[in-house]
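Hi everyone, thanks for coming.

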Amino acid sequence: MGSINAAVDVRQQGGVAVVAMDNPPVNALGFVLRSGLMQAMEQLRSDPSVKAVVLSGTARAFSGGADITEFGQASRDPNLRQVIAAIEDMPMPVVAAIQGVALGGGLELALGCHARVAWATARVGLPEVKLGLLPGAGGTQRLPRIVGVEKALAMIVTGNPIGAKEAAECGLVDALLDGAYPDAAVEWARGVQDRRRVRDREDALEPARADPGLIDRIAAPLLKASGAAAPRACVESVRGAVTMAFEEGLANERQLFEGLVTGDESRAQRYAFFAEREAQKAVLPAGTQARPVARAAVIGAGTMGGGIAMCFANAGIPVTVIETEQAALDRGMARIAELYGISAKRGSITATQAEERRGRIQGRLGLEGVEGADIVVEAVFEDMGVKKQVFAALDRLAKPGAVLATNTSYLDIDEIASVTSRPGDVLGMHFFSPANVMKLLEVVRGGQTSPEVIATAADVGKKLAKVGVVVGNCFGFVGNRMLARRSDAAERLLLDGASPAEVDAALVAFGFRMGPFAMGDMAGLDIGMRIRKAFGKRAPVSDALCEAGRYGQKTGSGYYLYEGRNARPDPEVDRIIAAESAKLGITRHPVGAEEITERLVYPMINEGARILEEGIAARPGDIDAIWLHGYNWPAWRGGPMFYADLVGLARIRDRLQDFFAATGDELLRPAPLLVKLADAGQGFGGEKARAA
Ligand code: 3HC
Ligand code: NAI
């Protein structure tokens, strides 16, 4: 007994053996942990003094699943399926004691045990689908045998974990324990006689066996939104649990898993998992410390200010929301209360939580309200004059050392900072709408922003549960700067002969939830028009629609005609577009779906290349994380820069060259970095950089 290897320890507590997994940070089931578990089982199985076994993890994780870094490499025995089989066949009951997360292979390991107990902090789930995979160590066969097909499909196809209470209610865990960990599980294990294997349970499968259409009926709404392969494979694998014998279902699951793990979609999603984490590691001088943040202030209670205030309140940080006029403040506070009310009604938070959170948000008139705040986020109108006035006042009123952030979408951070006597404390914190929902936060470094202030903003981002990515200061930063290239392209496609519906359909087929025109109609076309006006730009079709009073859904017409939210094409829009084409002397012609996609996506990639060249983004993965979390880029396509590498930069260079030749638009000329890499037969290399 004692230490088995670096990751597994075994000790006896009066007839119960505790097998403790300790492979920081999250007990990923890499080779060392797997072989330690195998050795422990071999030792214990023939020990007559052992009446039961408790398998334990750490406070953070029972186990976060298979070690994702091992995918794509040669597998080493024992594999996870062998370890689970060894546990399942132990002659004495094995109990999984779950604190923290049991995810993916971690939950599959627990399903190989004869019973499961959990602490209130536990979260269990099979998130493999989010990595473009399916649970490949028996999860699709064992989970439905406990919780039934409906619940299993919901968990496996969405990948969303459930809490301890819900797990107990559906029988996935046998008991909720409190008290010392894992001692309470040791006590509980003493009373366990039954060592029935999950694989031998059949009752919960009966409803699906009696009704062959059931799986498809349950699966249809779960699959609706996704063009990815993994969710469909998840359904097929669960179907195998119903229609096949256990071993056959397991083999079927394996085959489906192998098909996914070697494919581009899973490669993209595994890459995205690590890119997201890496992007949050700001490149700062060693030893840079974040400043403590105990109180926040948000200036402006509009669309963004209200959402940002909610982010602070949700993270337990008291926040003052400041407006100039009572009516605007009342509107903003009422909207916040309404949103909390909706969350409580939906059950995503309790009524008490809603009250607590709302209680942390205080409304005030006048910028004097910023005193006492360690961080101030300005979210007033997108107007340089107004922003400068606000920052000059903040310079007088905010306490020394307070971080002064602007939520501007496009404006120059340095110009805003220049009106203060403390430009080192000023930076951009660019949230995305709706701010309380979208996970992206661009942390925009000004020319003089101090590393400490960047570290503080990044740290606050983490506390607010955002994916905070540090970027440089330029027009539109990373996300909106690339989006502008897509918007230009979309507009040009209309002038050349494509219809709004064709453009939107191409982007939806690519994997976005919405196309640019449906999105524009939803957000309101007047917003884009105002921004263009401020910067002296034009978009002929969009401007013409606005001039005709067509602002999108809110006016009942935009690129489409609306009945409620239902959009349909409008011949009047076709006429407006044709007239604009004629004014510009463009001869319209049909444009195919592939060309539409290339013309929308490649200019973004080109802009991404310039962004890298200029050092506005530190790594290609940072750009990808921004697009995945701020703009709903389809996860299974990894992000624009990853996608570029998959397509091959030579193709993208050549197509951009075509687009440039056709339009003379300098922005479409292939960027030097893109050309250099393409000529050398290389890619942006986000994925390789990680592997190195
Ligand atoms: N494999 C390898 N590394 C992992 C990992 C895993 N499964 N899970 C987390 N890590 C690493 C992260 O990369 C990170 O590394 P870093 O510090 O060097 O950046 C570190 O562990 C901590 O992770 P987080 O920053 O994400 O920590 P959190 O506490 O916020 O979250 C977590 C912990 C909930 C476990 C989260 O990391 C997570 O969701 N992990 C992935 C879970 C998952 O998808 N599991 C399924 C794997 S596939 C599988 O099991 C296949 C099987 O069916 C055969
Ligand atoms: P909004 O018009 O909804 O809200 C602005 C609020 O600021 C109004 O309530 C106004 O009364 C208040 N305000 C104006 N001057 C003020 C002052 N001097 N002091 C205090 N309050 C003042 O605007 P929205 O959409 O919330 O945008 C705010 C900022 O966020 C802009 O810079 C915008 O570019 C940026 N942004 C907007 C996004 C969006 O999707 N709406 C997304 C990301 C950033």
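Let me start with a question: how do the residues of the shell around ligand 2 divide into nonpolar, polar and charged? They divide into ten nonpolar, nine polar and three charged.

Some ground rules before we go on. This is a predicted model, where local features need pLDDT of at least 70 and side-chain atom pairs count only at pLDDT 80 or more, while totals for chains, interfaces and linings use all residues. Residues are numbered from 1 along each chain as its sequence is written, chains are lettered from A and ligands numbered from 1 in the order in which they are written, and side-chain values use heavy atoms, with hydrogens and water left out.

Now, the overall layout. The protein is divided into domain 1 (1–122 + 173–195), domain 2 (296–475) and domain 3 (479–615 + 648–692); those bounds come from an automatic or database domain assignment. The centres of domain 1 and domain 3, taken over C-alpha atoms, are 52 Å apart.

Let's stay with ligand 2. It has 22 residues around it, and Met304, Glu323, Glu382, Lys387 and Ser409 come nearest; here a residue is near if one of its heavy atoms lies within 4 Å of the ligand. Next come the polar contacts, meaning pairs of N or O atoms within 3.5 Å; within protein, one must be able to donate a hydrogen and the other to accept it, and residues adjacent in sequence count only if both atoms are side-chain atoms. On its own, ligand 2 exposes 830 Å², and the protein buries 78% of that; accessible areas come from the Shrake-Rupley method with a 1.4 Å probe, and for residues only the protein chains shown count as cover.

Which elements give two or more residues to that shell? They are α12 (303–314), β13 (319–323), α15 (384–397) and β17 (426–431). Helices (H or I, at least four residues) and strands (E, at least two) are DSSP runs, numbered from the N terminus. The largest share, three residues, comes from α15.

On to ligand 1. Of the 23 residues around ligand 1, Gly105, Glu108, Glu128, Arg277 and Lys281 come nearest. Polar side-chain atoms lie 2.6 Å from an oxygen atom of the ligand in Glu128, 2.7 Å in Glu108 and 2.9 Å in Arg60. The protein covers 73% of the 990 Å² of accessible area that ligand 1 has on its own. Both α3 (105–112) and α11 (264–279) supply at least two residues of this shell, with α11 giving the largest share, three. By class, the shell has twelve nonpolar, five polar and six charged residues.

Away from the ligands, there's a helix pair to look at. The axes of α25 (620–630) and α26 (640–647) come within 7 Å and cross at roughly 115°; axes are lines fitted to C-alpha atoms, for helices over the stretch in contact, and angles run from 0 to 180 degrees between N-to-C directions. Pro620, Ile623, Asp624 and Trp627 in α25 meet Pro640, Met641 and Phe642 in α26, where contact means heavy atoms within 4.5 Å. Those residues divide into six nonpolar, no polar and one charged.

Last, some backbone details. Asp77 and Pro78 are joined by a cis peptide bond, with omega about 0°, and Pro78 lies in the loop between β5 (61–63) and α2 (80–88). Another cis peptide bond joins Ser433 and Pro434, with omega about -5°; Pro434 is in the loop between β17 and β18 (440–445). And Ala465, in the loop between α17 (451–463) and β19 (467–472), has a positive phi near 60°.

Technical notes: Ala, Val, Leu, Ile, Met, Phe, Trp, Tyr, Cys and Pro count as nonpolar, Asp, Glu, Lys and Arg as charged, and the others, Gly among them, as polar.
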